[in-house]
Amino acid sequence: MADAGAGPNTRTTCPYCGVGCGVLATPLADGSVAIAGDPDHPANRGKLCSKGTALGATLGMEGRLTHPSIHGQRASWDVALDLVATRFSETIAEHGPDSVALYVSGQLLTEDYYVANKLMKGFIGTANIDTNSRLCMASSVAAHRRAFGSDTVPALYDDLDEADLVVLVGSNFAWCHPVLFQRLLAARERRGTQIIVIDPRRTMTAEAADLHLALEPDSDAALFLGLLRHLEAEGLADAAYLDAHVAGAEAALAEARALPVARLASLTGLPEEQIRAFYEAFARTPRTLTIFSQGVNQSVRGTDKANAIINCHLYTGRIGKPGASPFSITGQPNAMGGREVGGLATMLAAHMNIEDEAARGRVQRFWQAPTMATKPGLKAVDLFDAVLDGRIKALWIMATNPADSLPEAGRIDAALAACPFVVVSDILTETDTTRHTHVLLPALGWGEKDGTVTNSERRISRQRGFLPPPGEARADWWALAEVAKRMGFAGFDYPDAAAIFREHAALSAFENGGARDFDIGGMADIDTRAFDAMTPFLWPKPASGPEGGRFFAEGGFYTPDRKARMVAVALPPEAKPRDAEHTLWLNTGRIRDQWHTMTRTGRAPALLGQFGEPFAEIHPDDAAAAGLAPADLVRVRSHHGEAVVRAMVTPRQRRGSIFVPIHWTDRFASEARIDRLVDRMTDPVSGQPGLKRTPARIERYAARWFGFAVTARRPEPPPGTYWAIAPVEGGWRIEMAGETPLADLQPMAERLFGLTEDAAEWVALHDREAGRARLAAFRGDRLAGALFLGPEPVGLSRSFLSDALAGPQPAGQRFRILAGRGGADMPDRGAIVCACFQIGVNQILTAIREGKASVEAIGDALKAGTNCGSCRHDIRRMLDDNRLEKAG
C-alpha cells in the first residue's frame with residue numbers, strides 16, 4: 001500500500017465526473033505517469049473508467065500555458081497581477097461593484113473556489129460570481145433548497161448496494177458515471193436489483209434496464225406527478241413521516257390529481273402499460289433509489305422536475321434510508337465543493353443563504369470583511385448577457401471554456417469580444433475562450449495542484465500534486481489572493497492550501513450548533529502535515545456529534561420549522577411546438593470517452609478511438625426524410641447557428657429528436673460547436689439553461705469529395721471544408737469533405753503534412769476520371785503523411801494507417817500504406833469498442849465468429865470489458881446481433 005501524499009505512488013482524485021474516484025499516480029523515469037485506481041478509496045474501490053485510466057496520456061506539455069501574457073505578449077506575474085487589480089479597482093470605482101464578475105468552474109479545487117467567493121462577495125461586495133456548474137446541477141440545488149431548506153444530498157453510494165429498485169432519470173449512467181454503474185450491475189448480480197431507465201434515447205444505460213421509458217423530451221415532471229397520484233390512490237403515504245416531518249403535501253397532491261394515466265400517455269408519449277409498470281414497481285418497492293442527472297437538470301423546468309421526484313420520496317418516507325432516497329448525481333469533480341463554499345451566484349458560503357440577512361452578517365463577521373453582497377448575483381446566462389450589453393466591464397474566467405459550453409455560444413463570442421477587460425486563467429494557451437483575452441494567466445493543472453474536492457455523496461478527498469509546476473504556472477487561489485492584496489484587502493495571506501481549508505472548515509462551524517447541514521468544524525484545526533495525509537471523509541464532520549451518514553430518515557430538515565416541503569409542481573404546459581421549418585428536437589450531452597470541451601481528453605489517442613469525429617444520432621425515419629444515408633455528413637441548423645457532423649443513423653434515437661455530443665470545438669472540428677445552436681432559455685428558479693430541447697432541422701451536406709489523412713504533425717486543414725481531427729500515437733488523423741471540387745491534390749497534401757514537395761519522398765496513385773487519389777510522403781523510413789480522396793466516404797483501415805505513424809516503415813510496406821490496408825497479417829481493428837485496451841469492433845466480431853459466446857469469454861480472449869466495464873453492453877449487443885443474424 002502506498003503512503004498518502006508524495007512518494008512512489010501519490011494518492012489523488014480523478015479530475016473528471018462527480019464520482020470522485022481515488023487514483024494512484026506514479027511518475028516514471030521516462031517522464032510518463034503510471035495511473036491506477038486506488039483500492040482503498042471508498043468511491044471506486046480501485047476501479048477507473050476509460051477516461052481515468054488514460055489520465056497519464058493527458059499530462060504532456062504540448063500547448064501548455066507557462067507564463068502570463070498581456071495582449072499576447074509575455075509579462076511577469078507582478079505586471080500582470082498589478083494590471084488585473086488596477087483594472088478591477090478602477091472599474092468598481094467608476095461603475096460600482098456589480099460591473100465586475102468572475103466566471104469559475106467545477107474543475108477548481110475547493111480552496112480556489114473559497115478564495116474567489118470570499119473576494120467577490122465579502123470584499124468587492126458583489127455576488128456576480130457564477131460557475132459552469134450552473135449548467136450542470138443548479139436545478140438540483142434549487143430543488144433541494146425548496147424541499148429541504150438546504151442544498152443537502154441525502155443519499156450515499158452504499159445505497160446502490162442496498163436498493164431493490166433503482167430508477168435512473170435523465171442519466172446515461174453507463175457512460176457518464178461508469179464506475180458507479182458497474183457497482184449497480186454488480187449489486188443486481190448479487191441481489192436482483194431492478195433497474196428502470198427514464199430517457200428519450202436508448203442509451204447504453206437503457207440497454208441494461210429491466211424497463212426503459214423512452215418518454216417525450218421534457219415530460220419527466222408530468223410522469224412523476226402521475227406517480228404521486230398513483231401513490232396516493234394506492235394508499236402508500238407514510239402518514240407518520242408526513243405528519244412529523246413534511247409540510248405542503250395537500251397542495252402537491254392537488255396538482256397531481258389532475259393527471260389520469262390516459263392524459264399522461266399523451267403528455268409523455270409512453271404506452272399506458274409502460275407507465276403502469278413503472279408506477280407499480282415504485283409502489284411495491286420500499287427500497288427505491290431514484291438517481292437523476294442532466295436530463296432532469298438541463299431543462300427549462302429542471303427545478304420542478306427534481307421537486308416532482310423528491311415529492312414522491314417524501315410522500316412515502318423513502319429518504320435517507322438504506323437503499324431509499326432521491327439522489328442527484330453531479331457531473332463535475334468539484335461541483336459539490338463549489339456549492340459548499342458558495343461558488344454559485346445564488347448562494348453564500350458554507351451552505352448559507354445569501355437572501356438571509358443574519359447569514360450575511362455572520363459571514364461578514366467571520367471574514368472581517370468591509371462589505372457583503374446583499375442580493376444574489378447574475379446567473380451564468382444572465383451574466384454573459386450583462387457582459388454583452390456592457391453592464392459588466394471586467395470579467396475573470398477560471399478553468400472553463402464558456403465560448404463553447406454556454407448556449408447560443410455565438411453570443412458568448414460577441415460578449416467576450418466586446419468586453420473592455422477579460423482575464424482568463426487556464427492551463428492551455430489556445431482555447432476558443434483564450435482567443436478573447438486581454439490578460440492570460442497560467443494555472444496549475446491536475447497532477448500539479450493541491451487541495452480538496454467533494455464528490456456526489458458528500459465525500460471530501462484530496463487532490464495532490466505529483467508533478468512540478470510547468471514554467472511559471474501558479475495555483476488559482478494564489479493568483480486570486482495576490483489580486484485581492486493588490487486591491488488593498490486584508491485577510492488573504494494564505495501560505496498554502498491547508499490554511500484555506502482550515503478557514504473554510506472553521507466558517508462551516510461558526511455559529512452553527514446544528515442549525516446548518518454543512519459542518520466540517522472537526523477539521524478546523526488540521527495542520528499542514530495532517531492535511532497532506534488526510535484520507536477521504538464524508539461530511540458532516542463537526543467538532544462533536546454524529547459524522548457522515550445519510551440525511552433526513554428521522555426528519556431534521558433545515559427549514560424554520562424543521563419540516564420538508566412537498567412543492568406543488570404545476571402541470572407542465574403542452575410542449576412548445578416545433579415550427580414548420582425546425583421539426584426536430586436537438587438534444588445534447590456527453591459520450592463515454594470524452595470530457596467537456598476536450599482540452600484534456602482530446603490529448604489522449606485512446607479516448608478518440610470510438611468516436612474520432614463529431615456525430616448526430618438520427619432515427620432512420622428522420623434520416624430517410626432528410627435523404628440521409630448512414631455515415632453521410634449532415635448539417636444541423638437551429639434559429640441560432642449550424643453545425644456539420646457525421647450522421648449516425650440508429651433506431652436507439654427517438655423519432656423526432658436528434659442527439660449531438662457537446663465536446664467538439666474549433667480546435668478539433670470545422671463546425672461542431674453544438675452549443676452555438678442551443679437555445680439560451682433557462683429555468684425560472686435555478687437559471688439553468690435547457691440544453692436538451694432546441695428546435696432544429698437537418699439536411700444532407702452535399703459533399704463533392706471526401707478525404708482521410710494521417711500526418712506526423714498537427715494538420716492545417718484546407719479552408720472552406722468540413723474537417724475533424726484527432727490525435728493518434730505518433731501524429732494525427734483527419735476526416736475531410738468539401739462542397740466544391742478540388743483543384744490540385746499536391747498543395748493540399750503539403751499543407752496537411754507541413755512539407756514542401758522536395759522535403760520528402762512521395763508516392764501517389766491517381767484515377768482522375770473516377771475522382772480518386774492516394775498519396776503518401778516519407779522521410780527516411782518514417783511516414784510523414786498519407787492522404788486519400790474520393791467521391792464518397794473513403795473506405796480503408798484507419799487503425800492500420802494511424803498505427804503506421806508510430807514506427808519505421810520498411811520500403812515493402814509503402815504500397816500497403818497506399819492501399820490503405822495492412823493485409824491478412826495486419827487485420828483492421830475497426831472502430832475502438834474497448835478504450836482501456838484498444839480493442840476494435842472487428843477483433844470482437846472475429847472472436848464471436850470463433851465461438852466466443854459471452855461477454856466473459858470475449859474478455860478472457862481479448863481483455864475487452866475487463867477494466868472499467870463501460871464497453872460490456874456494446875459487446876453484449878454485438879453478441880445479440882450475431883444470434884439474431886444466425887436465427888434469421
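Helices (H or I, at least four residues) and strands (E, at least two) are DSSP runs, numbered from the N terminus, and two strands are said to pair if DSSP finds at least two bridges between them. The structure is a predicted model in which local features need pLDDT of at least 70 and side-chain atom pairs count only at pLDDT 80 or more, whereas totals for chains, interfaces and linings use all residues. Residues are numbered from 1 along each chain as its sequence is written, and side-chain values use heavy atoms, with hydrogens and water left out.

**View 1. The hairpin of β23 and β24, with β22 alongside as a pairing partner of β24.** Strand β23 (residues 633-637) is joined to β24 by a hairpin through 4 residues, and the two strands pair in the antiparallel sense over 5 bridges. Within this pairing, V636 stands opposite A643 in β24. Strand β24 (residues 642-649) also runs parallel to strand β22 (residues 615-618), to which 4 bridges join it, and here I618 has V649 of β24 as its bridge partner.

**View 2. Strand β16, covered on both faces.** In strand β16 (residues 439-442), V439 and L441 lie on one side and L440 and P442 on the other, and all are buried, where buried means under 20% relative accessible area, exposed over 50% and partly exposed in between (1.4 Å probe, protein chains only). Strand β4 (residues 69-70) pairs with β16 in the antiparallel sense over 2 bridges, with V439 as the bridge partner of I70. Strand β15 (residues 421-426) pairs with β16 in the parallel sense over 4 bridges, and V424 of that strand stands opposite L440.

**View 3. The second largest pocket, with a volume of about 570 Å³.** A pocket is an open set of points on a 1 Å grid over the protein atoms alone, where a 1.4 Å probe fits and protein lies on both sides within 12 Å along at least five of seven lines; lining residues have an atom within 4 Å of a point. Grid points are joined across faces, edges and corners, and the volume is the space filled by probe spheres set on the points. Of the 26 residues that line this second largest pocket, E62, G63, R603, R714 and W732 are the closest to its centre. Strands β28 (722-728) and β29 (731-738) each supply at least two residues of the lining. By class, the lining has 8 nonpolar residues (Ala, Val, Leu, Ile, Met, Phe, Trp, Tyr, Cys and Pro), 7 charged residues (Asp, Glu, Lys and Arg) and 11 polar residues (the others, Gly among them).
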